[in-house]
Amino acid sequence: MAERRTIEKISEPDFVQFNDLASDAVGGKIIFATDEWFAPAANLLKRDPPQFIASAFTEFGKWMDGWETRRKRIPGHDWCIVQLGVPGIIFGFDVDTSFFTGNYAPRVSIQAACLDTPLDFSLVGDRTGMEASESERAAVAKLNSEAWQELVPISSLQPGYSDSCHNYFKVHTSRVTHLRINMFPDGGIARLRVYGVGEREWSSESAQQEVDLVALTNGGVCLGFSDAHFGHPRNMIGLGVASSMADGWETARRLDRPQKLQLDQKGVLQVSGSEWAVFRLGHKGVVSHIEIDTRHFKGNAPDSCTVEACVLTPEEEAQCVASKWTSAKWSVLLPTRRLRPHYSHMFSEAELRPHDAVSHIRFVIAPDGGVSRLRVWGRAVLDINSEGEAKSANQMTGQSKL
């Protein structure tokens, strides 16, 4: 393996606010695992939290919602290869051992690589009760994964009780496409969360091509919010349409709502409070239209929304994050608009205020409620450095600490 280095392990890290780049919801998958006797490695990447069913057994033993290998009786240790759904910069890991109390993996290490050539093999179907075949081992050996860069050195894990199951590891990487997860020597892990920011190559993009500037696949990331009681704002920039209310942003009901609600002359609910979420776009750009989808939120959609925007340098962004965004100076991009429940709203360029390229947006809903998807369509604007080369906005990635 590569030379080991020290790693900072913290209990309540800020990096958990970033996107999970390995989740199966964004296309993450397992392409190799040495052993999957009790439970398949694909479970590591499930978006939903792990669960435990005391009475559930399979023909191979106790059913577990995670990756669990057999008790090893041969030389070596178990490991698997993860292909990230969204290649990008990684800021931290959560190795979750939930419910693995007498059978958790005692130690783990994590290695990484950025592979330019797509891999043409993967694991399919239910792998419970299986181990890697000779042909699979021969194929994965070509990756030379034991020599990949080590991000997390061999580190102890805690058992899967509720007060000890989250094992956090802080890192800061360059672009990563694949991970090797080593467990020493065997055992179980419930979930692997890979928190980071997607990185896309923008220099080859046409200046006229419209893209979703805030999509997590394009490097969009949530940098702050007022409330996320039922669902995190980062869900709104996920892939495709939302699968349920759980796949969107939903706040608690505001307690400062008037006892009797009234509408203003424009039909907008008169309320004093609102909720907000701030996003850094994957690339600075000129916005052409905005899509706001309240799908699944049939009795709990917001009454109205506003979208604001600004341009920030990495240093200014860091100051705003430190001030919980109270120091940011916003300009209205989309004036207040009514929202309908369970409906996809498309706000055209004609409804937007005139603006230059922007790097950050603040999405404001009133008074509270849920939104499943937010799309900010526009054209990326490349900065030109002194040498006349396109300079990617991804250079801003990771400048701020949440």
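Q: How much space lies in the largest pocket?
A: This is a predicted model. By class, the lining of the largest pocket has 13 nonpolar, eight polar and nine charged residues. The space in this pocket comes to about 720 Å³.

Q: Which residues that line the largest pocket are the closest to its centre?
A: Strand 1 (19-20), strand 7, strand 11 (166-170) and strand 14 (191-198) each supply at least two residues of the lining. The lining has 30 residues. The closest to the centre of the pocket are Asp20, Arg47, Arg193, Arg234 and Asn235.

Q: How many nonpolar, polar and charged residues are in the lining of the second largest pocket?
A: The second largest pocket holds about 380 Å³ of space. It is lined by 19 residues, and the closest to its centre are Arg253, Gly299, Asn300, Ala301 and Asp368. By class, the lining divides into nine nonpolar, four polar and six charged residues.

Q: Which residues is Val82 in contact with, leaving aside its neighbours within four places in sequence?
A: Val82 is among the residues with the most contacts inside the largest nonpolar core. With neighbours within four places in sequence left aside, the contacts of Val82 are Ala22, Lys29, Ile30, Leu45, Thr177, His178, Leu179, Ile181 and Leu192.

Q: Why are the buried residues of helix 2 on the same side of it?
A: Helix 2 (residues 314-322) has Pro314, Glu317, Cys320 and Val321 as its buried residues. They are on the same side of helix 2 because the arc they cover around the axis is only 120°.

Q: Which exposed residues does the face of helix 2 turned away from its buried side carry?
A: The buried residues of helix 2 pack against strand 16 (221-225), strand 18 (275-293) and strand 22 (358-366). The face turned away from that buried side carries the exposed residues Glu315, Gln319 and Ala322.

Q: What is the phi of Lys324?
A: Most residues other than glycine have a negative phi. Lys324 counts as exposed, at 62% relative accessibility. Its phi is positive, near 60°.

Q: Is Asn144 buried or partly exposed?
A: Asn144 lies in the loop between helix 1 (134-141) and strand 10 (149-156). Although not a glycine, Asn144 has a positive phi of about 55°. Buried means under 20% relative accessible area and exposed means over 50%. At a relative accessible area of 39%, Asn144 is therefore partly exposed.

Q: Where is Pro185?
A: Most peptide bonds are trans. The bond from Phe184 to Pro185 is cis, with omega near -10°. Pro185 is in the loop between strand 12 (175-184) and strand 13 (188-189).

Q: What is the omega of the peptide bond from Ala366 to Pro367?
A: Pro367 is placed in the loop between strand 22 and strand 23 (370-371). The peptide bond from Ala366 to Pro367 is cis, and its omega is near -10°.

Q: Is Ser164 buried or exposed?
A: Ser164 is found in the loop between strand 10 and strand 11. Leaving aside neighbours within four places in sequence, Ser164 is in contact with Gln158 and Pro159. The cut-off for buried is under 20% relative accessible area. At 17% relative accessibility, Ser164 therefore counts as buried.

Q: How far apart in space are Ala228 and Val287, C-alpha to C-alpha?
A: Ala228 is in the loop between strand 16 and strand 17 (249-250). Leaving aside neighbours within four places in sequence, Ala228 is in contact with Pro233, Trp249 and Glu250. Ala228 and Val287 are 59 residues apart in sequence, and their C-alpha to C-alpha distance is 26 Å.

Notes
Residues are numbered from 1 along each chain as its sequence is written. This is a predicted model: local features need pLDDT of at least 70, side-chain atom pairs count only at pLDDT 80 or more; totals for chains, interfaces and linings use all residues. Side-chain values use heavy atoms; hydrogens and water are left out. A nonpolar core is a set of buried Ala, Val, Leu, Ile, Met, Phe, Trp, Tyr and Cys residues joined through side-chain atoms within 4.5 Å. Buried means under 20% relative accessible area, exposed over 50%, partly exposed in between (1.4 Å probe, protein chains only). Contact means heavy atoms within 4.5 Å. Helices (H or I, at least four residues) and strands (E, at least two) are DSSP runs, numbered from the N terminus. The arc is that of the directions from the helix axis to the C-beta atoms. On a 1 Å grid over the protein atoms alone, a cavity is a set of points where a 1.4 Å probe fits but cannot get out, and a pocket is an open set with protein on both sides within 12 Å along at least five of seven lines; lining residues have an atom within 4 Å of a point. Grid points are joined across faces, edges and corners, and a volume is the space filled by probe spheres set on the points. Ala, Val, Leu, Ile, Met, Phe, Trp, Tyr, Cys and Pro count as nonpolar, Asp, Glu, Lys and Arg as charged, and the others, Gly among them, as polar.
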